[in-house]
Amino acid sequence: MAAAAWSGTACASFPNSLLLSRSLPYAASSLAPSSGSFMQRRLLQGVGTPAMAALAPPAVLQDVAATLFVTAGAYSLVRTFDVLTERRLVEQSLSRKIVHVLSGVLFMSSWPLFSNSTEARYFAAVVPFLNSIRLLTYGLRLYTDEALVKSVTREGKPEELLRGPLYYVLVLLFSVLVFWRESPIGIVSLSMMSGSDGFADIIGRRYGSLKLPFNKKKSWIGSISMFIFGFLLSAIMLFYFSNLGYVHVSWEEALGKLVLVALAATVVECIPVTDVVDDNISVPSATMLVAFLLFGSGAQ
């Protein structure tokens with residue numbers, strides 16, 4: 001009778017826990033640990049407490065640190081060439097294209113610094129987003145920065161920041177959010193936009209005396225350089241990300257596809273439509289389309 005009464009009391013005290021009701025005799029005995037010592041043991045073990053989660057560094061801390069590091073690096077890169085241009089140590093046209101090449105390449109190269117969480121791409125997107133705000137601020141003449149204007153524009157006018165440089169940064173932002181590091185499409189298109197177009201201008205200006213018959217603003221050597229450097233940089237960046245395990249590449253097929261993508265980018269860059277569509281829009285758009293048709297959603 002007493003056992004039945006005790007059992008009923010236990011079940012009433014713990015109606016939702018069969019395990020607790022069965023283990024109650026141990027808890028009621030003098031050998032059972034007190035509630036204080038029991039909680040201390042749980043805390044030491046880190047079971048069921050937020051303490052263990054706090055000990056392990058979450059992905060968000062890695063992404064925040066990577067964002068701060070890459071943002072500082074991007075700012076330092078532009079500021080370095082601001083100073084070099086201001087002191088006339090580097091020509092304005094050369095400074096603009098070096099920044100053009102390095103910005104995209106170094107930004108892509110920094111992607112593995114971010115975690116494998118689904119939110120990592122949004123942290124990486126902060127970098128081009130902040131740069132776009134900066135370009136809008138100076139391009140709209142809300143503030144002035146003559147060194148920045150001289151280092152990244154053709155004619156040294158603040159309004160130019162709202163065209164080519166802004167388009168460039170927006171393509172970076174788009175590629176991060178849409179493709180990220182698991183897709184060869186974004187990797188190849190950014191390689192073509194930053195590397196191939198940049199080297200085409202650098203080499204074409206210096207050695208491009210022989211112009212294209214249908215576009216006197218472009219030269220044969222510049223277009224050839226765009227094709228070669230676009231292909232090489234795309235292959236290097238694909239190798240970089242495949243070696244880190246982000247994309248799988250079958251090189252027997254990929255190299256032929258990269259040739260076609262580089263050819264498409266070169267043809268689009270040669271067309272005399274720069275007064276209507278900026279190269280920083282036409283080249284990546286064309287390469288994204290061709291790369292999508294050839295690679296699909298994953299590297300092959």
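Because the model is predicted, local features are given only where pLDDT is at least 70 and side-chain atom pairs only at pLDDT 80 or more, while totals for chains, interfaces and linings use all residues. Residues are numbered from 1 along each chain as its sequence is written, and side-chain values use heavy atoms, with hydrogens and water left out.

The secondary structure of the protein consists of 13 helices and two strands, where helices (H or I, at least four residues) and strands (E, at least two) are DSSP runs numbered from the N terminus. Of the 300 residues in the protein, 44% are buried; here buried means under 20% relative accessible area, exposed means over 50%, and partly exposed lies in between, with a 1.4 Å probe and protein chains only. The protein exposes about 16,500 Å², of which carbon and sulfur atoms supply 67%, and such areas come from the Shrake-Rupley method with a 1.4 Å probe, where for residues only the protein chains shown count as cover. A contact means heavy atoms within 4.5 Å, and among the contacts with a separation of 6 or more, 73% are made by residues 24 or more positions apart.

An α-helix has 3.6 residues a turn, so residues three or four places apart point the same way.

Just after α5, R88 takes a positive phi of about 60 degrees, and R88 is placed in the loop between α5 (59-86) and α6 (92-109). R88 is exposed, because its relative accessible area is 77%. W180 likewise has a phi near 60 degrees, a positive value in a residue other than glycine, and W180 lies in the loop between α9 (164-178) and α10 (184-207). Is W180 buried or exposed? At 3% relative accessibility, W180 counts as buried.

In soluble globular proteins, nonpolar side chains tend to be buried together. The largest nonpolar core of this model has 57 residues, and W111, I187 and L238 have the most contacts inside it; such a core is a set of buried Ala, Val, Leu, Ile, Met, Phe, Trp, Tyr and Cys residues joined through side-chain atoms within 4.5 Å. Not counting residues up to four places away in sequence, W111 touches V176, W180, R181, I187, L190 and F241.

Rings of Phe, Tyr and Trp (its six-membered ring) pair if their centres lie within 6.5 Å, and planes under 30 degrees apart count as stacked, over 60 as edge-to-face and the rest as tilted. By this rule there are nine aromatic pairs. The rings of F114 and W180 have centres 6.2 Å apart and planes at 70 degrees, so this pair is edge-to-face. F114 lies in the loop between α6 and α7 (120-139) and W180 in the loop between α9 and α10, so the pair ties together parts that are 66 residues apart in sequence. Both F114 and W180 are buried. The rings of F239 and W251, by comparison, have centres 6.5 Å apart and planes at 45 degrees, so this pair is tilted. Ring pairs also link F107, W111, F114, W180, Y240, F241 and Y246 into a cluster.
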